Amino acid sequence: MLYTLALCVLLSIGLAASAGFLVLHHPRHPFRITEINSSGWVVIIGLIYARSLVLLGIRGAGRAGPWWDTVLSLGLLTATTALLLVRFFSYLRYLRAHPEDPPTAS
């Protein structure tokens, strides 16, 4: 039960950070190389997180495996979620520092 709750919380936070970054970023030309480089991995990870949340809702977390498997899966999910949060908050900081010149306006 605790494992399922941890998965739900981490996936929800990561999905919210991914969606928040994409809403703030809103490029005018999403298929330019610079836009793909800046937001491509966020889109891919966001889709994986959304898929994982849907599957977690349908199937549940199942039985947790050995302790090392649980620690490894939660550790990697925590690290990926932390990267998404860093991306989101660093972009917010950039927008505050450059309010007149959004990078994707051209």
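**View 1. T81 in helix α3.** T81 is found in helix α3, which covers residues 67-97; helices are DSSP runs of H or I with at least four residues, numbered from the N terminus. The model is predicted: local features need pLDDT of at least 70, side-chain atom pairs count only at pLDDT 80 or more, and totals for chains, interfaces and linings use all residues. Residues are numbered from 1 along each chain as its sequence is written, and side-chain values use heavy atoms, with hydrogens and water left out. With a relative accessible area of 2%, T81 is buried (buried, under 20%; exposed, over 50%; partly exposed, in between; 1.4 Å probe, protein chains only).

**View 2. Surroundings of T81.** The side chains of T81 and Y49 are joined by a polar contact of 2.9 Å (a pair of N or O atoms within 3.5 Å, where within protein one must be able to donate a hydrogen and the other to accept it, and residues adjacent in sequence count only if both atoms are side-chain atoms). Neighbours within four places in sequence aside, T81 is in contact with L10, I13, G14 and Y49, contact meaning heavy atoms within 4.5 Å.

**View 3. I13 in helix α1.** I13, one of the residues in contact with T81, lies in helix α1 (residues 2-25). Its relative accessibility is 38%, so I13 counts as partly exposed.

**View 4. The helices of the protein.** The protein has three helices and zero strands (strands being DSSP runs of E with at least two residues). Along the sequence, the pattern is α-α-α. The C-alpha trace spans about 50 × 25 × 20 Å along its principal axes.
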